[in-house]
Amino acid sequence: MYVLSAIVSLTLLGLFLGLLLGIAGKYLKVESSPIVDELEALLPGSQCGQCGFPGCRPAAEALADGNAPATMCPPGGSALAEQIAALLGLDLDLSDVKEPELLVARVSEDTCTGCTRCFKVCPTDAIVGAPKQIHAVVADACIACKKCVEVCPTECLQMHPIEVTLRNWRWAKPLNVPVQAMGTGSNAIC
Amino acid sequence: MLSFFKKPRFRGGVHAEEHKTATAALPIASNFPLPKKLYIPLQQHVGKPAEPLIMVGEKVLKGQLLAYSQGLISAPVHAPSSGVIVDVNDYPAPHPSALPIRMIVLETDGKDEWVKTQTVDDPFQLNPEEISLRVGAAGIVGLGGATFPTAVKLNMGRENHVDTLIINGSECEPYLCCDDRLMQERAVEIIDGVRLMLHGMTNSSGTNLHLPEGGRAGQPGMKTERAVVAIEDNKPLAFVAMLAAAEPYPTVSVIQIPTRYPMGWDRQLIGYVTGKEVPVGCRSSEVGVTIHNVGTAYAVHKAIRYGQPLLSRVVTVAGGAVKRPMNVEVPFGTLISELFEFCEVDKEQTARIIMGGPMMGDSLPHVGLPTVKATSGILALTQSELKNTDEQPCIRCASCVSVCPAGLRPLDMANNIRINQLDAAVDLGLKDCISCGCCSYICPSNIPLVQFFKYASGEVMARQQAQHKSEQTKRLIDARNARMERIARQQREDELVRIAAKAERERLKAEQEALV
């Protein structure tokens, strides 16, 4: 008798809770996982495909499912990997993540024919020009997606590393440490 | 016994071997031969570079304005001697990278002919605003090495309620003794400069735009009441000379402070002299203190009394490879190679060239670089004077923690930076690191701690810029997508209109045909 009442009550409870979950699932439905949206917002959004996924949205989904490592985005480098790891609560060793080499597109003025193909594909409108006029790249807006290089018929658009000046010069990471004077800092204080 | 419980008046720091005695005993050499060519950088200060207003081939006189300051924080550049401008172009900067920077090249004519200067009989009759204007026009910047434009600091002193002016004569870096000699030989001039600075910080109008009504500031006639000249107790002669020079003036006091690096760090000095701690992220003027270097005070004296702009400075040339170590007054733009020739530097023995002190100075790749306003010293160190960099594992002795003047945990920060977890290092206070080098100096395992922090600070900056760029990229992509969509919609609508027009035409045609 006790066994029967236990079976009946548990079955009823199960049915009731199942119904409740079913209703909740229907009415409180989330369109997509919020974590995927957050991840997508972190990713560069240029849909470059260097990670092997067809775009930033699928990459974010893979990250959320745990099918991709936090270090998967080459243009984002370790800064992005650190943000992703913090969001997903992953433990991360970034010592062998390669920092992306910073590149910028440049038009060789000798061979540009002014065909306008490059600035039609530029996702950030970083190329300016007019038909039969030599085009130019706005370096600040160029994201080094290399789309223009692919379409250029005369190969006049090439990627170049960003020139190091006093403005963007940084100290290198001390790996093979050279001989140092006592401290050797940068700005004197006294 | 009670003093045992008192908060110590300074935190951390090290006492490195001083190496000052040989150089500090000699008077400042003024017989340095005028170089044939001077390479004068347009940026020798914090802020925007100066804008040149001379032309190549133009003849200039000593003290003539070569480039004017542009923007709020900037400083002009003057001709250190008379001669002809031969070039305005990019030359290697006195910086660890020796990357090119815009410079004016002046070929001196050897006459050293002055431009007409404006002397003032009683500068204390001048408006305080006029004092700052003249200090700014003379191109004076902080000569301790930070090179912040002095006029901007004086203005800040007028606008905030600054009650104490500290004159930094600590010169805590080993080897350097240019300020020591300056104080010994030109104490009267320095004290005059200090009094002029005090006058320049007086708020005559009483207006204040930066603090809310009812604050301490904004009272008419408010002024900085006192100046304190703080000199480390390893410079007794300089202290005596300054004390004698300051005696007639009750507003200027001269005190001795303990010899400990980095005593010259502004926050350390403020803490010691006034007992106030400057909060993180605040300027020293927010606790009512402004700091200037003794060299700056001397430059102010020359600029106000004689109308002479900042054209030269005393530079310490020292180190094991220097045969004749000395303090020498050199015009800006003098190549280090000429300075080394004058001081008989042994090239063979020189293992490292450093601009500034050995703790915080920059190591330079070669000697073909000019001296600038920030050059307090040029060191030619031998191999034996360099720190052994044979890195060993951390033994967790926490020496770096106890010497850190900023109260950070260098070993933890370095461990985070080693595996590129920069955000974690920032959480531990990376941004409060002043790169003083005490941690690297004290570390028994020779871990390059400060080098890690300097790398990380640059990297954090680069990441911030990258973040900014990625936000901008997203905006650009959105704008482009919106435009593309608009164009496509427009085309669709045009197409529909065209189809409708065609249908209408055909209908009319069919009607006409039906009529016929």
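Me: In which sense do strand 14 and strand 16 of chain B pair, parallel or antiparallel?
Reply: The model under discussion is a predicted one. In it, strand 14 (residues 350–355) of chain B and strand 16 of chain B are joined by 5 bridges. Across this pairing Thr350(B) faces Thr382(B) of strand 16. The sense of the pairing is antiparallel.

Me: Which residue of strand 16 of chain B is the bridge partner of Ala318(B)?
Reply: Strand 16 of chain B also pairs with strand 12 (residues 312–318) of chain B, through 3 bridges. This pairing runs in the parallel sense. The bridge partner of Ala318(B) in strand 16 is Leu379(B).

Me: How many of the 6 residues of strand 16 of chain B are buried?
Reply: Strand 16 of chain B covers residues 377–382. The strand is largely enclosed by the rest of the structure, because the number of its 6 residues that are buried is 5.

Me: What are the domains of chain B, and which helix gives the most to the side of domain 1 that touches domain 2?
Reply: The domain assignment divides chain B into domain 1 (118–207 + 221–307), domain 2 (313–385) and domain 3 (399–458).

Me: Is Glu129(B) buried, exposed or partly exposed?
Reply: Glu129(B) belongs to helix 2 (residues 128–137) of chain B. A residue counts as buried with 20 or more other C-beta atoms within 10 Å and as exposed with 12 or fewer. Glu129(B) has 16 such atoms within 10 Å, and therefore it is partly exposed.

Me: Which helices are included in what covers the buried residues of helix 2 of chain B?
Reply: The buried residues of helix 2 of chain B are Pro128(B), Ile131(B), Ser132(B), Arg134(B), Val135(B) and Gly136(B). After the helix comes Gly139(B), with a positive phi near 70°. What covers the buried residues includes helix 3 (150–159), helix 5 (187–200) and helix 8 (294–306) of chain B.

Me: Is Arg396(B) buried or exposed?
Reply: Arg396(B) lies in the loop between strand 16 and helix 10 (399–403) of chain B. Its phi is positive, about 55°, although Arg396(B) is not a glycine. Arg396(B) has 9 C-beta neighbours inside 10 Å, so it counts as exposed.

Me: Which peptide bond is cis, with omega near -5°?
Reply: One of its residues, Pro262(B), is found in the loop between strand 10 (252–257) and helix 7 (266–274) of chain B. The cis bond runs from Tyr261(B) to Pro262(B).

Me: How many residues does the contact take from chain A and from chain B?
Reply: The side of chain A that touches chain B divides into 20 nonpolar, 12 polar and 5 charged residues. For the complex, the predictor gives a pTM of 0.82 and an ipTM of 0.78. The contact takes 37 residues from chain A and 63 residues from chain B.

Me: Over which residues of chain B does pLDDT stay under 50?
Reply: The mean pLDDT of chain B is 89, and 95% of its residues reach 70 or more. The stretch under 50 has 17 contacts beyond four places in sequence in the model. This stretch is residues 206–221 of chain B.

Definitions and conventions:
Residues numbered from 1 in each chain as written. Chains lettered and ligands numbered in written order. Predicted model: local features only at pLDDT ≥ 70, side-chain atom pairs only at ≥ 80, totals over all residues. Domains from an automatic or database assignment. Contact = placed C-beta atoms within 7 Å. Nonpolar A, V, L, I, M, F, W, Y, C, P; charged D, E, K, R; others polar. Helix = DSSP H or I, 4+ residues; strand = E, 2+ residues; numbered from the N terminus. Pairing = 2+ DSSP bridges. pLDDT = per-residue confidence, 0-100.
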